[in-house]
Structure formats: structure tokens, C-alpha cells
Amino acid sequence: MMLSPDQAADSDHPSSAHSDPESLGGADPKVLGNVSDVEPVEEAEGDGKGGSRAALYPHPQQLSREEKRRRRRATAKYRSAHATRERIRVEAFNLAFAELRKLLPTLPPDKKLSKIEILRLAICYISYLNHVLDV
């Protein structure tokens with residue numbers, strides 16, 4: 001990275017070398033996190049318009065575990081796989097409720113029950129069966 005004459009004069013002062021927001025490409029220091037985590041990046045060759053995005057973000061090796069997790073979860077492939085896993089989980093959950101529903105006596109037998117009603121009816125039925133065994 002090339003220093004302007006003003007910046008070269010300030011380079012003798014280590015505290016001002018990377019601490020002011022303008023030296024970080026105008027980025028908000030709160031967004032970047034710890035300034036010591038960001039390595040200086042050479043200017044990208046291009047059309048000369050604007051700065052490089054890479055200069056504003058730390059290298060992948062310097063990302064925290066949480067930031068790596070967030071970036072991985074933001075991919076379309078991950079979201080698609082997650083949606084598939086969630087669909088399978090919900091189907092298994094609903095199947096378990098259907099099997100439990102078949103074991104519970106109700107009138108009429110084909111009455112549609114909500115999940116909470118199935119659970120409450122199961123609790124009552126188990127209590128009743130315990131009472132029958134105790135007598």
C-alpha cells in the first residue's frame with residue numbers, strides 16, 4: 001500500500017498508523033472489529049475506480065469461528081440441505097403423533113385432534129391405565 005506524504009510523516013507514530021477511520025478506507029471501526037486483526041491488503045489491479053472490498057475484510061484465516069459459521073450458513077447449498085433436513089424431521093415428528101393418535105381411544109375414532117390435544121389425551125389415558133392396574 002502506498003502512503004501519501006501526509007501519511008508517511010505520521011508513520012513514525014504507531015498509534016495513528018491504523019487507528020483513524022480514514023486510513024481504513026472510510027469503514028466504521030466498529031464494523032471491522034479489532035483493527036489488529038486486519039492485515040493491509042495491496043491495491044487490486046483494475047480500472048482504478050473505488051477501493052477493493054478485500055481491503056475492508058479480514059482474510060478467511062482470521063475470521064472467528066462464529067463468522068465462518070455465519071458465512072457457511074449463508075450459502076444456497078447449506079440452506080437447501082438445512083431445509084431438507086428440517087422437512088424430514090417434521091415428517092418424522094408428525095408420523096410419531098399419528099402413531100400415538102392411533103393408540104388413543106376417542107369418539108368418533110376418526111376425529112381430528114391437534115398435537116396438544118393428542119398429548120393431553122395420552123396423559124389422561126396413561127393415568128387411567130395406571131388407575132386400572134392399581135385397582
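A search of the whole structure, a predicted model, identifies two aromatic pairs, defined by ring centres of Phe, Tyr or Trp (its six-membered ring) within 6.5 Å, with planes under 30 degrees apart termed stacked, over 60 edge-to-face and the rest tilted. One of them joins Phe93 and Phe97 in an edge-to-face arrangement, at 5.0 Å centre to centre and with 70 degrees between the planes. Because these residues lie four apart in helix H5, about one helical turn separates Phe93 from Phe97. Helices are DSSP runs (H or I, at least four residues), numbered from the N terminus.

The axes of H5 (residues 76-103) and H6 (residues 115-134) come within 10 Å and cross at roughly 40 degrees; axes are lines fitted to C-alpha atoms over the stretch in contact, with angles from 0 to 180 degrees between N-to-C directions. The contact (heavy atoms within 4.5 Å) involves Phe93, Asn94, Phe97, Leu100, Arg101 and Leu103 of H5, and Lys115, Ile118, Leu119, Ala122 and Tyr125 of H6.

In the loop between H5 and H6 lies Pro108, and the peptide bond from Leu107 to Pro108 is cis, with omega near -10 degrees. Most peptide bonds are trans.

The mean pLDDT (the predictor's confidence in each residue, from 0 to 100) of the chain is 74, and 56% of its residues reach 70 or more. Residues are numbered from 1 along each chain as its sequence is written. Local features need pLDDT of at least 70, side-chain atom pairs count only at pLDDT 80 or more, and totals for chains, interfaces and linings use all residues, while side-chain values use heavy atoms, leaving out hydrogens and water.

Technical notes: Helices (H or I, at least four residues) and strands (E, at least two) are DSSP runs, numbered from the N terminus.
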